[in-house]
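Biologist: Before we discuss any labels, could you put the model up, so that each term can be held against its definition?

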Amino acid sequence: MTPLAIEAHGLVKTFGENRAVDGVDLAVRAGTVYGVLGPNGAGKTTTVRMLTTLLRPDGGSARVLGHDVVDDADEVRKFIGLTGQYASVDEDLTGTENLVLQSRLVGLSRSQSKARAAELLESFDLTEAASRPVKHFSGGMRRRIDLAASLVVTPDVLFLDEPTTGLDPRSRGQVWDIVRDLVAGGTTVLLTTQYLDEADQLADRIAVIDRGTVIAEGTSAELKASVGRSSLHLRLADEAQRDLAERLVAQTLDTIPHRTPEAAVITAPVADPDLVADLMIRLRAEGVGIDEIGVQRPSLDEVFLTLTGHAADDDTERSAA
Amino acid sequence: MSTTTLDQPVRTVATRVERPNPPSPLSASLTLGWRSVLKIRRIPEQLFDVTFQPVIFILMFVYLFGGAVAGSTQEYLQFVLPGILVQTVVMASLYTGISLNTDIGKGIFDRFRSLPIWRPAALVGALLADSIRYVVAAVVCLAVGMAMGFRPGGGVAAVVAACLLVLVFAFSLSWIFAFLGLTMRSAGAVQGVSMLAMFPLTFASNVFVDPSTMPGWLKAWVDVNPVSQLVTAVRGIMAGNPDAGAIGWSLVGCAVLVAVFAPLTVRAYRRKS
């Protein structure tokens, strides 16, 4: 059993009436990637801010590498790196200036700082933009400079608060590569995300958080297994045949199909995947055209729906905290 | 735009760079001051209030009121220039609060606060860098004044000493605005509240006129106003006959400001969430 890099017990933070974080427990083993998954306003950022000593918990306790985040905050700060919505770089300064600033602030000498800044800019493919103010950076470059600023010295524990929100797929892949590489080098990473596939791709373990509490915890496979069955995904060639197709799915698979936002797509839980062959024969017999059909393990989206009773992006009634 | 994949380059990122000892409080403060200086270089417009504004004030007041208030523009210039210098520098200290508030809104402070550095370093650094703005303000005022015929009797050393006193005062006063910058909700609110304090401090003083003709209640305030004390001290030093009482009271004012507002500001900064 490897030691815990991060442990939180019953963390609470209230803002007025709003219990933004309402009793969060976390246990993150050293050298792993831990995903904290939840919609906007679930309490992810507030949790990270408490773990990184920026916010004092109203209840509960947390330790990073054995140091208490309240009583031993200075010690905690020596070992962590933080990148997120709230911890960014200076937009008016250039890439080089930001990294030199950051290097000086962790205690590197002037010449070491310059060397490290140049090295990081090179590694993050930002050399061309080195002397441009950060406010002129593209979204992906911006995220990479934010990340680079957390890595001027190698953190033992790195907190990434929604590192890929709003990024295009290529920039997203780059951030993922960086995270994997850091972990290979021994860093523990805690990342928050609203993207279920991101947690699936990167995280060894995942905590699903909703309205300030952890509602499920485990590996990606465990979370999916907790939903149990496989699921059918069927895309019709002609959406006008939807009602007929739904009836056939219901009869053949003895199940209740889900309506999806896409008119031509039907999904349904499947108890016995063998029955899907029967379904395909019946669809052919009734003249229902198929664009796409598949039987999958449930996606994390479906896990989330099952666990919370609402979809991951259904956050209209909650304020972002 | 290069399309290099990061497979190869990220190796250097993963190369462990061991964390050295955290910087000393002085080193961290100076580094963060350097950041503010870089920002002035990047956005020189933020120096408008310490360059064009004093020029306009000096020209306007000297030619508009000089004849009426002091009999001649030349005589009024000798009187008002030290006052406008003080007013400009004191007004410039307001900017500290506004820039702090903006910085905090952008989240850069969260990154600083997650580092193992002396916590007030970000504040002290910002305040130190603002001293550069004060120096610019003083130099502009003096240059314009000298060009128009201002002749300080005390010579160069006296002028430098007077400016140093003004700098110390502005540094002390800026803690109030730093406190407001940390506790108010928006930069606009900081500006509004600060201006409210600024007008009685700078205009209800002896900056522009001799208070002897003022009504009693106003004169009572003008006499205790720390800005009046400072202006009297600066006028005395520049003219070559320093007023020990006024200098003493100005320094006491500075000490009180720092003693009260520095701890309040640092506390607000620690608690900032």
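**Contacts, burial and helices**

Modeller: In chain B, 79% of the contacts with a separation of 6 or more are between residues 24 or more positions apart, where two residues are in contact if their C-beta atoms, placed from the backbone, lie within 7 Å. This is a predicted model, in which local features need pLDDT of at least 70 and side-chain atom pairs count only at pLDDT 80 or more, while totals for chains, interfaces and linings use all residues. Residues are numbered from 1 along each chain as its sequence is written, and chains are lettered from A and ligands numbered from 1 in the order in which they are written.

Biologist: What makes up the pattern of chain B, in helices and strands?

Modeller: Chain B has 12 helices and 0 strands, these being DSSP runs numbered from the N terminus (H or I of at least four residues for helices, E of at least two for strands). Its C-alpha atoms fill a box of roughly 80 × 40 × 35 Å along the principal axes.

Biologist: Which residues of H4(A) are buried, and what puts them on the same side of the helix?

Modeller: The buried residues are A:Ser113, A:Arg116, A:Ala117, A:Leu120, A:Leu121 and A:Ser123. They cover an arc of only 160° around the axis, which places them on the same side of H4(A); the arc is taken from the directions from the helix axis to the C-beta atoms.

Biologist: How many residues of each chain are in contact across the A and B pair?

Modeller: On the side of chain A there are 41 residues, in contact with 35 residues of chain B. Among the elements of chain A that give two or more residues to this side are H3 (95-106), H4 and H6 (169-184), and H6(A) gives the most, with 6 residues.

Technical notes: A residue is buried if 20 or more other C-beta atoms lie within 10 Å of its own, exposed if 12 or fewer, and partly exposed in between; C-beta atoms are placed from the backbone.
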